[in-house]
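Thanks for taking a look at this one with me.

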Amino acid sequence: MTTQSNSSPTSADMGVFERYLSVWVAIAIAAGIALGQLAPAVPEALSRFEYAQVSIPIAVLIWAMIFPMMAQIDFSAIAGVRCQPKGLTITTTVNWLIKPFTMFALAWLFFMVIFRPFIPEELASQYLAGAILLGAAPCTAMVFVWSYLTRGDAAYTLVQVALNDVIMLFAFAPLVVFLLGISNIQVPWDTVILSVVLYIVIPLAAGYFTRKTLIAKYGTEWYDNVFMKRVGPITPIGLIITLVLLFAFQGDVILNNPLHIVLIAIPLIIQTFLIFFIAYGWAKAWRVPHNVAAPGAMIGASNFFELAVAAAIALFGLQSGAALATVVGVLVEVPLMLALVRIANKTRQHFPENA
């Protein structure tokens with residue numbers, strides 16, 4: 001499918017933003033807490049701009065985060081869905097039939113049972129809700145980075161991401177409502193559907209029509225090398241500003257309970273490794289080539305954290321424990337995924353030659 005280079009990519013090949021994502025998130029946390037403590041009038045004033053219980057500034061920032069990702073997805077690639085049936089079967093099954101439920105089980109075990117002496121029950125339910133939102137949203141944009149670092153098959157990765165986005169249109173809302181319902185966290189369907197329309201349907205449609213229109217007018221080379229390079233930086237800017245605002249509201253919770261950040265991170269870290277090894281082990285058992293097995297496992301392990309953050313804010317509010325839990329997911333994402341990249345590259349010899 002793709003021609004592979006003999007040289008091994010390293011984390012140095014990532015962009016500055018992706019490579020130091022955890023650092024930027026940590027800086028955004030510090031800046032947000034400082035803003036909330038020193039100038040609380042700023043986030044409070046922004047929170048008043050609402051329509052139908054949707055924060056307009058946050059919605060604009062989240063669209064800014066998500067649109068460039070949607071605009072780079074070539075949905076015509078789904079036509080190649082039959083090229084790697086084993087890889088697509090493994091990753092799709094793990095993403096939609098295993099991952100949301102293991103995330104729910106682990107988060108419930110830790111937040112509602114093991115950490116019960118340390119976290120009030122109501123706050124534990126909020127953290128559980130945030131974990132559920134992370135588990136129901138498989139990664140899109142960062143997957144291309146992880147695939148490159150493991151010398152993954154770019155065509156397979158593109159097909160899997162496009163397929164995930166189509167499934168997400170229909171599966172995200174039912175999964176979230178079902179798992180939140182099991183957790184006795186009541187969320188009205190219309191609120192979930194509104195968040196799906198706002199943060200999946202609208203940016204997905206805008207990205208699709210933008211890509212189709214501009215490629216028809218200027219060509220694929222201009223679109224990839226000029227347009228995407230211009231709009232790409234909007235994503236990190238939107239993410240960082242959103243996190244600053246989120247932590248401006250979360251400052252009191254974090255300052256009073258810094259231990260909660262560690263407690264939230266524990267089940268998220270276990271879940272990431274668990275899902276990676278389920279998909280990677282399954283691929284080995286089926287003798288899937290390494291350039292499909294590695295990105296397939298990385299796609300299952302990582303999360304579409306931008307969507308999870310957006311849905312948590314829309315469903316539970318900027319100051320909620322659910323929003324905080326999703327942000328902890330952002331904080332741990334890059335170090336964990338780089339560790340998994342290293343594991344995948346070290347075990348390459350145990351898989352068949354690349355397709």
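This is a predicted model: local features need pLDDT of at least 70, side-chain atom pairs count only at pLDDT 80 or more; totals for chains, interfaces and linings use all residues.

1. Y280 belongs to helix α12 (residues 259-285), while F351 sits in the segment after α15 (321-346), so the pair ties together parts that are 71 residues apart in sequence. Are these two residues buried or exposed? Both Y280 and F351 are buried.

2. While you are looking at rings, find Y218, W222, Y223 and F227 as well: together they form one aromatic cluster.

3. Next, please turn to K99, which is part of helix α5 (residues 85-114). Its relative accessible area is 1%, and because the cut-off for buried is under 20%, K99 counts as buried.

4. What does the side chain of K99 meet there? A polar atom of this side chain lies 3.1 Å from the backbone oxygen of G300. The K99 side chain also makes a polar contact, at 2.8 Å, with the side chain of N303. Leaving aside residues up to four places away in sequence, the residues that K99 touches include G135, A137, P138, Q271 and I275. A301 and S302 are also among them, together with G300 and N303.

5. Now for the surface. V42, L46, F49, I56 and V60 make a nonpolar surface patch of about 410 Å². Which elements give two or more residues to the nonpolar patch? They are α3 (41-46) and α4 (56-71). Within the patch, V42 is found in helix α3, and its relative accessibility of 39% makes it partly exposed.

6. Finally, here is the overall picture. The protein chain has 15 helices and 2 strands. It is 355 residues long, and 54% of them count as buried. Among the contacts in the protein chain with a separation of 6 or more, 86% are between residues 24 or more positions apart; the pair of Y280 and F351 gives you an example of parts that lie 71 residues apart in sequence. The chain exposes about 15100 Å², with carbon and sulfur atoms supplying 66% of that area.

Terms used: Residues are numbered from 1 along each chain as its sequence is written. Side-chain values use heavy atoms; hydrogens and water are left out. Helices (H or I, at least four residues) and strands (E, at least two) are DSSP runs, numbered from the N terminus. Buried means under 20% relative accessible area, exposed over 50%, partly exposed in between (1.4 Å probe, protein chains only). A polar contact is a pair of N or O atoms within 3.5 Å; within protein, one must be able to donate a hydrogen and the other to accept it, and residues adjacent in sequence count only if both atoms are side-chain atoms. Contact means heavy atoms within 4.5 Å. Rings of Phe, Tyr and Trp (its six-membered ring) pair if their centres lie within 6.5 Å; planes under 30 degrees apart count as stacked, over 60 as edge-to-face and the rest as tilted. Patches are made of residues with over 30% relative accessible area and no salt bridge: like charges are joined within 9 Å, nonpolar side chains (Val, Leu, Ile, Met, Phe, Trp, Tyr) within 5 Å. Accessible areas come from the Shrake-Rupley method with a 1.4 Å probe; for residues, only the protein chains shown count as cover. A salt bridge is a side-chain nitrogen of Lys or Arg within 4 Å of a carboxyl oxygen of Asp or Glu.
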